[in-house]
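Visitor: Please put the model up. I would like to go through its fold with you.

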Amino acid sequence: MQDPHISTRDVTTSKCLHALRRCRSQAPLTHVTEFPLYRGQRTCRARVNCASDGLDEVTTMPSTAGTTQRRQEDTVHEGVQDFHQQAAVGVPPLIPLVPLQPSRTNTMAGFVWALVILGAVRLGRQQAEDTFLDYDAIREARQQRLESDKEMYARRLQLAKVEAQQKAEEASKRITTARRRTEEAEKRQQEKEARYKREAEREAVRLSAIRDAEKRAFEEKEAQAAAELQQRVEIEQRTIAEQQRRARAELERQRREAEERRQAAVLEKQRAAEAREQELVAQRAQREAERQALRRLQKSFAVRVEGSVTIDKAPKGSVTPGRIPREATLQLAVEMSTALTSETTASELYRDTGDASSGAVELAGKAAAAVVDQYHSALRLQNMTGQGALQHMGEPEAQHWMRMACCRSLATCAGSLQGLLQSHGQKAAGQTGAFQVRTEYGVLPADHPKRTEAQLDLAVAMLEAGNTTSCADSVLKPMMEQNDQAFYQGLPAPAPQHVGSVLTLAHFLDHMYHHRPAKRVEASPWYESATSLVQQLITQTVQDAPKDSLMPLAQYMQHALGHDHTVTNIMLKLADANLSTATKARQQEQQRLQEAELAAQLLEEEWPDEDEVRAARMAVREEATPVPERAWALRNVASTLALGGPGERARARTLLEKAVTLKEQWLDDKEHPGLLVELDALSSVLESSAEWRADAGAIRARMLRILSLVASRFLSAGETASAVVVLESAVRQYEDILGIRHPGISTLSKKAEKLLENLEPEQREQVSTRCRQAAGIVQQIIQTFAEKPDVYKQATGKRRSVDLWSEGGLGTLQPFL
């Protein structure tokens, strides 16, 4: 049991000694060991000298795992020495061991010696252990140590106070010294600043004096310059006034002279006009006398066209044709017939009287062209039996007569329709009006020099001889005037101006083509010169026409001559150029509205609210909307979607493929040029994605085949140079996409080279120059066969180029050279 008078520190020391005793038997001769104390905060270090069976020193130290900075040692050296002395008294000192040489013959003696030594060691160690744990001695040593520590602590406190006092005195001295130095530095700084201030004031005074002097000098110079400037301005003003006076006098003199010259020119012009008028009157009188004389020699033929027009309410539930079907309120019907033909009927539905008035010419033109074609066919049948007008005139002349009859019938029918439409709001529905028009044509004897065919042959001969001016003035212009007079004579309704003149020029071109040498496929070598002359004469004839007045004339030519006639194309171009800005803006606005309605209609079809409603609407609209116009709407929506991301481009591809399919079914031909616009748009979308490049190549190859067909049509029409231009442009446009080794590219290249060898050197150079615009040529072909909106068709009256292609022609596509 532990003694209550022993403190925790004593117990800790005793534990340390017990631990040393336990490890002493295992330690080497001199061993230093560490072991934990009671509270685990410190360790005890002991050096054990086993040779003396005692403990030399025990020291406590902070634990290696602790965080305190104070290191305290508890030395129990004195107690340990006391125990060591007691152990030395109880056990005699050991005699130094001398290694014994055991006997080689008596091993027993060695063993005995070892036992004696071991026993002595054991006994001495046991006695030392018993005397080692004397707690009274330990407490006494500890008490002495504590008393010594208190005195030392008091001395340390006194020494610390003395050192603190000394440090305070030294700090006070340093502060005093620093304050004195600071005051001296401030004083020096103040003196320095005062000195700088005085110097700055002196410098400011000096600079102010300099500035004042410079200012006075500058003001003096400015005053002098202002005076000089004022003097120069006065001089210049006087000079300018004098020059202006002289200029006004000169202008007045020039004005008087110009007025005198103008008056003289007006008088001269009046005299020339009067003389020319007198000359024209004389010429007209002479021509009229000649006509009267020729009319007595002519054999006259006439065609009487009789017809009726009806305006009535549209059937219930009917809709207008076109891209956007609307509810129809009016129905116009036209019936025409002749003595040799049956009745020809044409009817159309319209939304209101405004639309009906705009479409009256188109409706009348369809009926007039149909009835005149039937009459022409009847004349050919009569000719087969040896009778009829064709026995006395050639085919071009008979065709000219029929064209005159067509235009006169068109004008009369359109006038009747307009009259009914004007009175439609004042009378009940179901109105009908009748009309008739008679078109005469006279033919001179075959050997007469003034016969129409003889005059046209003379014009061709002059043109071949290079006498273009004589050809126009001596032959064509008199014929134009004569036919103009004949066209308007007895016409019961108004018609556009210059119809007879334009038909005369078309007759001239047809006569030249009909009488081409040896009836070769290609046209006469002078056909291009004749075309240029005709275009020049038409331009001169209509150059003073008011704005928006040439489009009706172009519509008349479309119905009378056909859409692919050269004169028709010339008139359409002139009519487009003659449109006023207001008309163009109105057409563009109508086009924009129709595009918006079509886009909304298409979106509604693609994203309906209910499947059943969508199916019903689609069925109705597909029956009412033409396929070309649906394809046009699909292209517009796809072009907008193609500007978006991958999802929108995929949607655009679907719409364009649908447009191509619709066009193929409608045209019933997978190689028709009417597919070019959809194929071009589809290939552009496919080329925007790397994974669709193969599909884009297939579409471009298909376009190559179609362009090759266009070149073949040019070749059949005798336009070899244009065929080469088409082939070479197609190769240049698509060889970068398909590659130069593509079969289609190589085939077209070889074909173009073969045709190029048959051309003249001059034509080869022209072809080479034209082919530099390969992209523009390909786009021109594509746009020629692209469908136009209804607003443009109503304005121009053009037929579809795809229809003209199906009829075996080139549509409205003109030669490129």
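Guide: In S7, the residue opposite Ile311 is Gln431. This is a predicted model, where local features need pLDDT of at least 70, side-chain atom pairs count only at pLDDT 80 or more, and totals for chains, interfaces and linings use all residues. Residues are numbered from 1 along each chain as its sequence is written, and side-chain values use heavy atoms, with hydrogens and water left out.

Visitor: How many bridges join S4 and S7, and in which sense do they pair?

Guide: Strand S4 covers residues 299-313 and strand S7 covers residues 431-443. Strands (E, at least two residues) and helices (H or I, at least four) are DSSP runs, numbered from the N terminus. Two strands pair if DSSP finds at least two bridges between them. S4 and S7 pair in the antiparallel sense, over 13 bridges.

Visitor: How many bridges link S4 and S5?

Guide: Gly307 has Met336 of S5 as its bridge partner. Val309 stands opposite Val334 in S5. S5 spans residues 330-337, and its antiparallel pairing with S4 runs over eight bridges.

Visitor: Which residue in S6 stands opposite Val334?

Guide: S5 and S6 form a hairpin, with six residues between them. Their pairing is antiparallel, over seven bridges. In S6, the residue opposite Val334 is Ala346.

Visitor: Which strands stand at the edges of the sheet?

Guide: The sheet is open and its four strands run in the order S6-S5-S4-S7, with antiparallel pairing. Each edge strand has a single partner strand, so one side of each is left without a neighbour in the sheet. The edges are S6 (344-350) and S7.

Visitor: What angle does the direction of H7 make with that of S7?

Guide: From one strand to the next, the twist averages 15°. H7 packs on the sheet and touches S4, S5 and S7. Axes are lines fitted to C-alpha atoms, for helices over the stretch in contact, and angles run from 0 to 180 degrees between N-to-C directions. For H7 and S7, the angle is about 160°.

Visitor: Is Thr320 buried or exposed?

Guide: Thr320 lies in the loop between S4 and S5. Leaving out residues up to four places away in sequence, Thr320 touches Pro325, Arg326, Glu327, Ala328, Leu349, Tyr350 and Arg351 (contact means heavy atoms within 4.5 Å). Buried means under 20% relative accessible area, exposed over 50% and partly exposed in between, with a 1.4 Å probe and protein chains only. The relative accessible area of Thr320 is 9%, so Thr320 is buried.

Visitor: How far apart in space are Gln773 and Arg732?

Guide: Gln773 is in the loop between H22 (761-771) and H23 (774-784). In sequence, Gln773 and Arg732 are 41 residues apart. In space, C-alpha to C-alpha, the distance is 9.6 Å.
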